[in-house]
Amino acid sequence: MDKSQLRSNVVCAVANKISGIGKTGMMKSMYFLQQVYKVPLGYDFDIYNYGPYDEDVLVAVDSAKREKLIDVRPKNYNGFMGYEIVAKGDTISELSVYVDALDEISQNFGKYHAKDWELASTIVYLYMAYHENGWDMEELDENVRRIKPHFALQDIKAERKRLEEIGVLCKAVVI
Amino acid sequence: MATKKRIRDVIYGFIELDEQELEIIDHPIFQRLRRIRQLAFTDMLYPGACHTRFEHSLGVMQMATYMYNHIVEKYGDVLKCYLHGVDDVVDFEKEIVRARKIIRLAALLHDVGHAPFSHSGEELMPYRNQDKDERYEHEDYSIAAIEEYFKKIIERSEEPKGCSKISVNDVTSLLGKKSVRGAGGLHFSLKPIISGQLDADRADYLLRDSIHTGVDYGRYDMWRLINSVALTNGEGGTLVFAISYKGLQVAESLVIARYHMFSQVYYHKVRRIYDYHVVEALKEVLPLLECEGAVFPPPTQIDNYMRLDDWTVLGAINSNLSGKHCKILKNRQHYKLEYESSNPPSNDDIRKFTGYEAKYKSKEHYVYNLGKIYQGDKKAKQWYKPEGIQILEESGMLVNLEEKSKLVTSLIDPPPSMLALYLPRKKKTKEKSHG
């Protein structure tokens, strides 16, 4: 399976796991799959105020739609028009090696809204940089808040604690 | 900004610079950009295409400033509300001045790490990982160069009293640096001005390349674009950079301009073969320039890398005319297009190319496989990526451009993947081309 086939099939697999997932959720779940669960998707995420982002994830979503693996439907999310990604195909057996990763994504983040996905993925992105460079972790929450000032500091701290407890931060820095 | 100097520009008329920016421009590493042509050997096809990364860099700074000023003027309240509560943004008016400076510096320096012959030479950047499936990109060199040569100048910025000091990280965090310690704040919220499908880089190069090549397809209504950039809160309160509904047509024309420039200039059949000859010629001369393994030095050897520019490489090419591709470049004796497949290639095309590869296996030839090239460089090979531009409707709703425009929808194709066979002139066969 080449890289583009892997990408569109993983999009389908995530849509099968998390019903009603939006595009933000899909973007961030690809980030988690690659950075935390080491699925070799080959994306190159850059950080924005909306969290880690690679436009090629949306290319993969578009490819999966063309291949009729998923459907993308407009949906109103609390007053914001977004898009719901619905699986049309089955998860292919070649992805069975990633079944644990897909399960964990679903268990850990399956109920998240766009805002939560953005916060969790931003924390992971910064945590990796802080860990790699040996920077003071005390600064991390403040740094996340500088990037995402619409979150209260206590919410950032709480989310970081949760990510620590469920082992996501630990897995993210394992090479 | 205390203007120190005005420089003439083909797009904006004048570009204004302050003392600090002048110091950057006068730095030998920035002057190197005068010796890196924007479009490599495109002048073999369009003789006017001799412009450099130097003028483009100045232009991106000007375009970014126009976009930024419009956003601040029209959407200042959105920004102010968003940043409310960031501890070191105590005075929004002063923060506006500070963020403008950071955005200008990032725009000015974004291409400072380009290799000789711009994108054409990037195939010879070394691998960044042991698996050898990921090469360094010019952005990695830009970040390394900014940190090595421009840190002191950047950190001497005179930000308004009461604002935090501008650091080199403020600038590099807009250019893709992964280690974003301290990133955030007003300038970071507007990162899409520097990096995105609507960024100042793209807005400048389409116009500039169009003017210099004489190919008008790249032109669009610049002032309408600048006055249409918009900012709003998206789902979950995040800031979203968009185009106002009044600018729908200019957003379309930007995408179409890109499509035309790619098909008529950047991927023109002659430009494509010169990109191949450039890489092959570089392989011939890089060892003569003490580049180990015939690749550019990595970003960790930034001094060694920065001594290379079009002049040094052209000099080496000129003194190495025994090198086949060096000679081809000097005398414009490029391989000719023999056959080009449809896009995507049909089964018949693929059969034909399998046959060609066997037939020319031990002979000089070049098979151009755009699909493979796309996989190697994701950045530039698709005219428009889904959801790349969002339209801010009068109602305040955000809608993807492709949903508002059938024209743009038709341009969201899978990446082009045609195949082409080029042969040396003397070896041209009688096979018919439908390219």
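User: How many residues of chain A are in contact with chain B?

Analyst: Two residues count as in contact if their C-beta atoms, placed from the backbone, lie within 7 Å. Here 31 residues of chain A are in contact with 33 residues of chain B. This is a predicted model, where local features need pLDDT of at least 70, side-chain atom pairs count only at pLDDT 80 or more, and totals for chains, interfaces and linings use all residues. Residues are numbered from 1 along each chain as its sequence is written, while chains are lettered from A and ligands numbered from 1 in the order in which they are written.

User: Which element gives the most to the side of chain A that touches chain B?

Analyst: Helices (H or I, at least four residues) and strands (E, at least two) are DSSP runs, numbered from the N terminus. H3(A) gives the most, with seven residues.

User: Nice! Now, what is the order of strands in the open sheet of chain B?

Analyst: In general, strands of a sheet pair through backbone hydrogen bonds, either parallel or antiparallel. Two strands pair if DSSP finds at least two bridges between them. In chain B the order of the four strands is E3-E4-E7-E8, with mixed pairing. Strand E3 (229-233) and strand E8 (398-400) of chain B are the edge strands, each pairing on one side only.

User: How many bridges join E3(B) to strand E4 of chain B?

Analyst: Five bridges join them, and the two strands run antiparallel. One place to look is Asn233(B), whose bridge partner in E4(B) is Leu239(B).
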